[in-house]
Amino acid sequence: MEQHQVKNAEVLCHRALIVWIECTSGAQSNAVTADMCDASAGSYLSCRTEAPARSHQVCAAGEQEYLRCPGSYGDPFVDCGDLRRSYYECRDDPSGSDMSCGPYLEVLSVCRTLATGCADLLHKFLTCADAELSPNECAFGQRMRIYCLRDIKEGVFHSADTCDAQWRQALTECVDEDQRSALCTMGASWRDASYSICEGPKGVAYLKDRATETHICWTGGRAAELLNEAAEDIWEDTYMRVVHVNGENSYEVMHPNVEETT
């Protein structure tokens, strides 16, 4: 029994060393300090040994997410240490996988930055995973919903069902990656895909670059006309928010990390 415990301790320490080496010399090493790597190895050991003790795969992946933060999250003020806990919560769910929990953390950071209410985000994200949508489509669906809730905060929309109805529809329309629905990414990254949402005569469109073919719900046509109106403000990697209220359009060029715009 004692020999077995010693052997387990040796394996655990060896794996903690691997986590430390990955931190100091891996793909993310140019963005971290020695203190961060020491903390990462210590956090890995706590993850493995404290209740509930988790597997090497989960704990090591949690540290990889820690290393990706904040650079991969679009928010320099996000609490990276807290994201470990959120990652573990996601992986503790039977539906949570490394493929889905990484994108979930990025969407969670968007939700927290915009302060739209994130308590049910994990449940909705994993419901999407259970529906067999790709992690990219799940992230996009929740991004649409989060931005829509922000539009409610700003008085453009008034009903949360406007946001939830879009998400529920996407759950059925975006399972097939070849389906060309206005609620799907069309093969783009969840951060870059363009779309529009309407509530009665009001609407909001989020358009990346010159996304001329994007369906605009308040005109029934494509985005080309809207983009022509604002052509002087559009350049490569521009992300534009178009708000349609009282028959008039207003245009806002957003920060490249659009999640930082409030």
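Tutor: Helices (H or I, at least four residues) and strands (E, at least two residues) are DSSP runs, numbered from the N terminus. This is a predicted model, in which local features need pLDDT of at least 70 and side-chain atom pairs 80 or more, while totals for chains, interfaces and linings use all residues. Residues are numbered from 1 along each chain as its sequence is written, and side-chain values use heavy atoms, with hydrogens and water left out.

Student: In what order do the four strands of the sheet come?

Tutor: The sheet is open, its order is β1-β2-β3-β4, and the strands pair in an antiparallel manner. Pairing requires at least two DSSP bridges between two strands.

Student: And which strands stand at the edges?

Tutor: These are β1, residues 195-199, and β4, residues 248-254. Each has a single partner strand, so one side of each has no neighbour in the sheet.

Student: How many bridges join β2 to β3?

Tutor: There are six bridges between β2, which covers residues 202-208, and β3, which covers residues 239-245.

Student: Which other residue has a positive phi although it is not a glycine?

Tutor: Met 186 does, with a phi of about 60 degrees. Met 186 is found in the loop that runs between α8, residues 160-173, and β1.

Student: Back to β1, then. With which residues is Cys 198 in contact?

Tutor: Cys 198 is a residue of strand β1. Its contacts (heavy atoms within 4.5 Å), leaving aside neighbours within four places in sequence, are Phe 157, Thr 162, Gly 203, Cys 217 and Trp 218. From Cys 198 to Val 156 the C-alpha to C-alpha separation is 9.7 Å, although 42 residues of sequence separate them.

Student: New topic: how many disulfides does the structure hold?

Tutor: The model contains eight disulfides, a disulfide being a pair of cysteine sulfur atoms within 2.5 Å. One of them links Cys 23 with Cys 37, at an S to S distance of 2.1 Å. The angle about its S-S bond is -80 degrees, which makes the link of Cys 23 and Cys 37 left-handed.

Student: Which parts does that pair tie together?

Tutor: Cys 23 belongs to helix α1, residues 2-25, and Cys 37 to helix α2, residues 34-49. The pair therefore ties together parts that are 14 residues apart in sequence.

Student: One last point: where is the cis peptide bond?

Tutor: The cis peptide bond lies between Ala 51 and Pro 52, with omega about -5 degrees. Pro 52 sits in the loop connecting α2 and α3, the latter being residues 56-68.
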